[in-house]
Amino acid sequence: MKVLITGFDPFGGESINPAWEAVKAMENNIDGIEVIKLQIPTVFRKSAEKLFEGIEEHKPNVVICVGQAGGRYDMSIERVAINMDDGRIPDNEGYQPIDTAVYEDGENAYFSTLPIKGIVEEIKAAKIPASVSNTAGTYVCNHIMYSLLYYISKNNLDIKGGFIHVPYITEQVVDKKNMPYMEVSTITRALESAVKALNKYEVDVKVSGGKEF
């Protein structure tokens, strides 16, 4: 099995992005699964173009995109991406779409095809907080998750795909009082656990992952 894992470059004035810092530290082979790492820009359309190029070049069986969700305290395994770009802030090239479809010919939403609850269980077994998330936002993270699943669907590819949000890392919260964070090494271990879950859960597990908000 071959897994392509992406992480964004720094954005919003940050000098680092925990997604890419954690991804690039991952082992290249995890339980016999080849791990290919790809950095993508925090830019609405260009991020998808870079991802599609990576898929065409490496022909992975699974694609996991990873991004930052500052303020979240755990690893958030995203369930769904919506067909909506609505930027709270501009991307790294100054573009700020408002109420714009990611793809005009796409579905209203696409669901992750990863074993999301199995991944949560595997990460929690490593003693790292994790949960299913039901919103990937409307910024570049949702954009790349939606683009990935759109691309897979439109091209009838036999690829599983989805998205994982990670918290801030230590360096980012020095001036952010009472802000949750994880060590980058912990996030890396969590992502490696997510890869291990791909071997373990061909079909997702039936455990509660619902939320009231």
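Two strands are taken to pair if DSSP finds at least two bridges between them. In this predicted model, seven strands form an open sheet with mixed pairing, in the order S2-S3-S1-S4-S9-S5-S8. Strand S2 (29-30) and strand S8 (130-133) stand at the edges; each has a single partner strand, so one side of each lacks a neighbour in the sheet.

S1 and S4 pair in the parallel sense over five bridges, and the bridge partner of Val3 in S4 is Val62. S4 and S9 also run parallel, joined by seven bridges; here Gln68 stands opposite Val166 in S9. How many of the residues of S4 are buried? Seven of its seven residues are, and the strand is mostly covered. In a regular strand the side chains alternate between the two faces of the sheet. In S4 both faces are covered: Val62, Ile64, Val66 and Gln68 are buried on one side, and Val63, Cys65 and Gly67 are buried on the other.

An antiparallel pairing is found between strand S5 (residues 75-78) and strand S9 (residues 160-166), which are linked by two bridges. Ser76 stands opposite His165 in S9. Helix H3 (residues 116-125) packs on the sheet, where it touches S5 and S8, and its direction makes about 160° with that of S8. Helix H4 (residues 140-154) lies across strand S1 (2-8), strand S3 (33-40), strand S4 (62-68), S5 and S9, and runs at about 170° to S9.

Which residues of H2 are buried? They are Phe44, Ser47, Ala48, Leu51, Phe52, Gly54 and Ile55. An α-helix has 3.6 residues a turn, so residues three or four places apart point the same way. The cover over the buried residues of H2 includes S1, S3, S4 and H4. The face of H2 turned away from its buried side carries the exposed residues Glu53 and Glu57.

Two loop residues deserve attention for their backbone angles. Lys59, in the loop between H2 and S4, has a positive phi of about 50° although it is not a glycine. Its relative accessible area is 55%, so Lys59 counts as exposed. Lys127 lies in the loop between H3 and S8; its phi is near 65°, a positive value in a residue other than glycine. Lys127 is likewise exposed, because its relative accessible area is 74%.

The cysteines complete the account. A search of the whole structure finds zero disulfides. Cys65 is in no disulfide, and the nearest cysteine sulfur, that of Cys141, is 9.3 Å away. Cys141, with a relative accessible area of 10%, is buried.

Terms used: Residues numbered from 1 in each chain as written. Predicted model: local features only at pLDDT ≥ 70, side-chain atom pairs only at ≥ 80, totals over all residues. Heavy atoms only, no water. Helix = DSSP H or I, 4+ residues; strand = E, 2+ residues; numbered from the N terminus. Contact = heavy atoms within 4.5 Å. Axes fitted to C-alpha atoms, helices over the stretch in contact; angles between N-to-C directions. Buried < 20%, exposed > 50% of the residue type's maximum accessible area, 1.4 Å probe, protein only. Disulfide = S-S within 2.5 Å.
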